[in-house]
Amino acid sequence: MAEVKPSHSIIGTTLAQDVYNEYGLLLLPAGAVLHMSDIRLLEAHQIQSVHVASEQETPEVPLPMLHWNEAEAAREYIAAVKQTEHLFKQIATGSVPPLQQFNSTFYPLLDQVLQRMGFLRFIYIKEGTEDYTYRHSLHVGIVAALIGKILGRPQEEIYRLGQAGLLHDVGKMMIPDEILAKPDRLTDEEYEIMKRHTIYGNELLLSMEDADEWIARCALMHHERLDGSGYPLGRKKHDIPFECQIISVADVFDAICTDRVYRRGTSPFQAANVLWELACQGKLNPLIVSRFIQYIILLYVGSQALLNNGDHVEIIMIHTDEPMRPLVRRGDEFMDLRDYRELSITRMIS
């Protein structure tokens, strides 16, 4: 085993040890054979050195293996979506499960996410509007917990943020289906009914066995905005608890990325642009947004993407001045999207 600096010279070699980023998320597992995209990923996360196996060595990979494959990830994800749907539908029929039941459904998946950097990339490649409400709830829980980890919050709070994100929209189970699943723009009257999901969610969560006021507060205030333009209370700045501000960022990000009945989802790069615009308008917390954008964009170095002109590209490098407009490779051609303002990344592809 040798400790080496990430460079072209180690392409084709095998990692002898897991490599983690500064947030403790797994970048590459022991046993991975390094490709050019892996080198770019390591450089993007400023990994100074890695351990590679010599030709005679077989890296020791612990059991159960810490890394995951896409089929395993799909099974875990789909199971969590179905379990969440089952619990949410119980609420719709008037039977409110205890908070612990939601935890036992969500925590095993969250454990996976908090160790595996690639899981977030996986969920934003999936397409389709089926089960949107339940997928969105899972995603917001995942993203909120990741934001907590990125911000260095205590472990207990990270998991609590995951719970709050999972349950932030639970009040939508009290909204009529014809409004919730309407494929067209809501009327003013329908929108006022939809907005009540925040109040319903707060009430439902406070009525649960093992109720947590902290989590209920996030359901109530995840649509509040720092400039007072949100609902249902029109709170401003410091009157909105920090945890609610985190859930707001996670909620907006996933709502943009995930397919909905009335609009196809877009790329995390475009979602990051919207988050930044909202932060600049004084609606979302710029500290939360900037730290999250920095993380989420680096996540996609080496990934495949689709441009708005239909071209398939590989994301090569992220610019610190404009992280949402990276250097990409199209075939043998390198394109700096800072110089091609008419082009943008619309979707991530597998």
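This is a predicted model: local features need pLDDT of at least 70, side-chain atom pairs count only at pLDDT 80 or more; totals for chains, interfaces and linings use all residues.
Trainee: Let me start with a helix. Which residues of helix α8 are buried?

Mentor: First, the general idea. An α-helix has 3.6 residues a turn, so residues three or four places apart point the same way. Now the terms. Helices (H or I, at least four residues) and strands (E, at least two) are DSSP runs, numbered from the N terminus. Buried means under 20% relative accessible area, exposed over 50%, and partly exposed in between, with a 1.4 Å probe and protein chains only. Helix α8 spans residues 188-195, and its buried residues are E190, M194 and K195. Seen down the axis of α8, these fall within an arc of 140°, so they line one face of the helix. The arc is that of the directions from the helix axis to the C-beta atoms.

Trainee: Which residues are exposed on the other side of α8, and what covers the buried ones?

Mentor: D188 and E189 are exposed on the other side. The cover over the buried residues includes α7 (177-180) and α9 (197-207). Contact here means heavy atoms within 4.5 Å.

Trainee: What about helix α1: which residues are buried there?

Mentor: Helix α1 covers residues 36-44, and D38, I39, R40, L41 and L42 are buried. Just after α1, Q46 takes a positive phi of about 55°.

Trainee: Now strands. Which residues of β5 are on its covered face?

Mentor: Strand β5 runs over residues 304-307. A305 and L307 make up its covered face, while Q304 and L306 are on the uncovered one.

Trainee: Which strands pair with β5, and over how many bridges?

Mentor: Two strands pair if DSSP finds at least two bridges between them. β5 pairs with β6 (residues 312-317) in the antiparallel sense, over 3 bridges. In β6, E314 is the bridge partner of Q304, and H312 is that of L306. The β5 and β6 hairpin has 4 residues between its strands, and G310 there takes a positive phi near 95°. β5 also joins β9 (residues 345-349) by 4 bridges, again antiparallel. The partner of L307 in β9 is I345.

Trainee: How many bridges join β6 to β7?

Mentor: There are 3 bridges between β6 and β7 (residues 327-330), and the strands run antiparallel. In β7, L327 is the bridge partner of M317.

Trainee: Next, the loops. Which residues does the cis peptide bond join?

Mentor: Y231 and P232, with omega about 10°. P232 sits in the loop between α10 (213-221) and α11 (242-257). K237 is found in the loop between α10 and α11 too. K237 is not a glycine, yet its phi is positive, about 35°. At 56% relative accessibility, K237 counts as exposed.

Trainee: Where is D210, and what is its phi?

Mentor: D210 lies in the loop between α9 and α10. Its phi is near 65°, a positive value in a residue other than glycine. D210 is partly exposed, at a relative accessible area of 48%.

Trainee: Is S267 buried or exposed?

Mentor: S267 is buried, with a relative accessible area of 1%. S267 lies in the loop between α11 and α12 (268-280). Leaving out residues up to four places away in sequence, S267 touches C257, I345, T346, R347 and M348.

Trainee: Last feature. How many cavities are there?

Mentor: Rolling a probe the size of a water molecule over the atoms shows where empty space is left. On a 1 Å grid over the protein atoms alone, a cavity is a set of points where a 1.4 Å probe fits but cannot get out; lining residues have an atom within 4 Å of a point. Grid points are joined across faces, edges and corners, and a volume is the space filled by probe spheres set on the points. The count comes to 1 cavity of 30 Å³ or more. The largest cavity has a volume of about 40 Å³.

Trainee: Which residues line the largest cavity?

Mentor: The lining residues are E224, R225, L226, I240, Q245, S248, K283, L284 and N285. By class, the lining has 3 nonpolar, 3 polar and 3 charged residues. Ala, Val, Leu, Ile, Met, Phe, Trp, Tyr, Cys and Pro count as nonpolar, Asp, Glu, Lys and Arg as charged, and the others, Gly among them, as polar.

Conventions
Residues are numbered from 1 along each chain as its sequence is written. Side-chain values use heavy atoms; hydrogens and water are left out. On a 1 Å grid over the protein atoms alone, a cavity is a set of points where a 1.4 Å probe fits but cannot get out, and a pocket is an open set with protein on both sides within 12 Å along at least five of seven lines; lining residues have an atom within 4 Å of a point.
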